[in-house]
Amino acid sequence: MEKQHSFTREELLMSGRGELYGPQNAQLPLPNMLMMDRIVHISDEGGKYGKGEIIAELDINPDLWFFDCHFQGDPVMPGCLGLDAMWQLVGFYLCWMGGPGKGRALGCGEVKFTGQVLPTAKKVTYKVDLKRVILRKLVMGIADATMEVDGKQIYEATDLRVGLFTSTQDF
């Protein structure tokens, strides 16, 4: 059976409610922490390292919740939300590949911010290149990722690590 290669916002919301892969498996956050509107491409082949790739998008408009509080008179998307979106996508990829458990971010190597997302922007694009995918007793993904706003790369993260855990009690 061929795997699905794109996901709509409603399907991403189904993941957040545990309806896509089951409530005991990795779920995307629900709004407001869901930081993408769609996954336009996901594959277990290709990408910079040949181990898989994900491309997702977030539509930007001035009404997004974080512009009102970050910062008053100087609205900008918090950098941590873009970074979290990259972790969200690595966890989603692991579940999409059949890995069991709940996703947890485990760290990253290096993060660089060279731009900002303002309320006047139109679209953020995340590009994730899987470097290593472990689907054994240990379920973990390691990836590099970039974030673009309106076609200009503004964030870069290396060695994003996400694990899936069948029990998070001792985590």
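Aspartate 129 sits in strand 5 (residues 123-135); strands are DSSP runs of E, at least two residues, numbered from the N terminus. This is a predicted model: local features need pLDDT of at least 70, side-chain atom pairs count only at pLDDT 80 or more, and totals for chains, interfaces and linings use all residues. Residues are numbered from 1 along each chain as its sequence is written, and side-chain values use heavy atoms, without hydrogens and water.

**Aspartate 129**
- The backbone nitrogen of lysine 48 lies 3.0 Å from a polar side-chain atom of aspartate 129.

**Histidine 70**
- UniProt, in an unreviewed entry, places the feature "active site" at His70; such annotations may be inferred rather than shown by experiment.
- Histidine 70 counts as partly exposed because its relative accessibility is 21%, the class between buried and exposed (over 50%).

**Aromatic pairs**
- The structure holds six aromatic pairs (ring centres of Phe, Tyr or the six-membered ring of Trp within 6.5 Å).
- Phenylalanine 66 and phenylalanine 67 pair edge-to-face (planes over 60 degrees apart; under 30 is stacked, the rest tilted).
- Their centres are 4.7 Å apart, with 65 degrees between the planes.
- Phenylalanine 66 is buried at 1% relative accessibility.

Technical notes
Buried < 20%, exposed > 50% of the residue type's maximum accessible area, 1.4 Å probe, protein only. Helix = DSSP H or I, 4+ residues; strand = E, 2+ residues; numbered from the N terminus. Polar contact = N/O pair within 3.5 Å; in protein donor to acceptor, adjacent residues only side chain to side chain.
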